[in-house]
Amino acid sequence: ASLAGEDENLLPRADAWLAEVAALLHDIKDYKQGYADGDTEIEARSILKEVGVEAQATEDILYAISECGFKKSLPHSDGRPPAHARPPSERASALRDILNDADLLDAIGAIGVARCFAFGGKRDRLLYNPDGPDNDGDGEALTQEAYAQRSQGQSYSLDHFGEKLFKLKALMRTKAGAARATQRHDFMVAFVQQFKAEREGRA
């Protein structure tokens with residue numbers, strides 16, 4: 001909602017509540033918690049109907065949710081590009097852009113660093129690979145299927161920066177989001193440099 005408030009030309013103040021609702025609902029029954037693709041939208045539709053959100057607002061919110069997430073930006077393993085549905089309205093398109101940036105911004109910067117290591121700890125992941133080079137993200141292209149599999153499997157927390165987090169700045173859709181992403185990206189780069197320097201005894 002704060003991104004929406006920074007640019008009323010993107011989403012009028014009267015519609016800012018849509019961004020708040022979409023942000024609240026976009027991660028329910030997420031695939032990273034073992035749910036199937038599409039479960040988020042099904043559950044969100046049920047909640048929106050239960051609380052009486054009107055039909056067009058519901059469709060706009062669900063469209064933004066369906067288009068949200070880093071995985072949706074990746075190609076498929078069989079070479080197909082990511083599929084994107086046509087927005088049901090101009091407002092839905094703006095809502096998609098705001099939700100996209102808010103979701104990705106949550107994953108980067110100081111809070112993003114904390115989230116990365118908290119998630120890794122929950123999955124019993126090592127901080128970094130003690131026996132080999134770090135994954136800097138420049139190797140084999142990541143696909144939706146490979147990313148989903150890695151989210152469920154074992155890897156190293158530090159590798160998540162090169163694999164995903166350092167790529168998010170380029171995926172921003174709004175000016176406000178891009179400005180925030182630049183500052184947060186620079187913080188993460190400095191953090192990883194300091195982490196490696198301490199690990200290697202150089203700091």
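This is a predicted model: local features need pLDDT of at least 70, side-chain atom pairs count only at pLDDT 80 or more; totals for chains, interfaces and linings use all residues.
Colleague: What share of the contacts in the protein chain with a separation of 6 or more joins residues 24 or more positions apart?

Modeller: That share is 75%. As for burial, 41% of the 203 residues count as buried. The accessible surface of the chain is about 11300 Å², and carbon and sulfur atoms hold 52% of that surface.

Colleague: How should I read a nonpolar core?

Modeller: The general idea is that nonpolar side chains in soluble globular proteins tend to be buried together. Here, the largest nonpolar core has 42 residues, and the members touching the most other members are Ile61, Phe161 and Leu165.

Colleague: Which helices supply at least two residues each of this core?

Modeller: They are helix 2 (16-25), helix 3 (39-50), helix 4 (55-66), helix 5 (90-105), helix 6 (109-122) and helix 9 (175-199). Helix 5 contributes the most, six residues.

Colleague: Which residues does Leu165 touch, not counting residues up to four places away in sequence?

Modeller: Leu165 touches Ala107, Ile108, Cys116, His160 and Met188.

Colleague: How do I read a pocket?

Modeller: In general, rolling a probe the size of a water molecule over the atoms shows where empty space is left. In this model, the largest pocket has a volume of about 950 Å³. Its lining counts 43 residues, and Asp30, Tyr31, Lys32, Tyr147 and Lys164 are the closest to the pocket centre.

Colleague: Which elements give two or more residues to the lining of the largest pocket?

Modeller: Helix 3, helix 4, helix 5, helix 6, helix 7 (144-152) and helix 8 (159-163) do. Helix 6 provides the largest share of this lining, with six residues.

Colleague: How many residues of the lining of the largest pocket are nonpolar, polar and charged?

Modeller: The lining of the largest pocket has 18 charged, 13 nonpolar and 12 polar residues.

Notes
Residues are numbered from 1 along each chain as its sequence is written. Side-chain values use heavy atoms; hydrogens and water are left out. A nonpolar core is a set of buried Ala, Val, Leu, Ile, Met, Phe, Trp, Tyr and Cys residues joined through side-chain atoms within 4.5 Å. Buried means under 20% relative accessible area, exposed over 50%, partly exposed in between (1.4 Å probe, protein chains only). Helices (H or I, at least four residues) and strands (E, at least two) are DSSP runs, numbered from the N terminus. Contact means heavy atoms within 4.5 Å. Accessible areas come from the Shrake-Rupley method with a 1.4 Å probe; for residues, only the protein chains shown count as cover. On a 1 Å grid over the protein atoms alone, a cavity is a set of points where a 1.4 Å probe fits but cannot get out, and a pocket is an open set with protein on both sides within 12 Å along at least five of seven lines; lining residues have an atom within 4 Å of a point. Grid points are joined across faces, edges and corners, and a volume is the space filled by probe spheres set on the points. Ala, Val, Leu, Ile, Met, Phe, Trp, Tyr, Cys and Pro count as nonpolar, Asp, Glu, Lys and Arg as charged, and the others, Gly among them, as polar.
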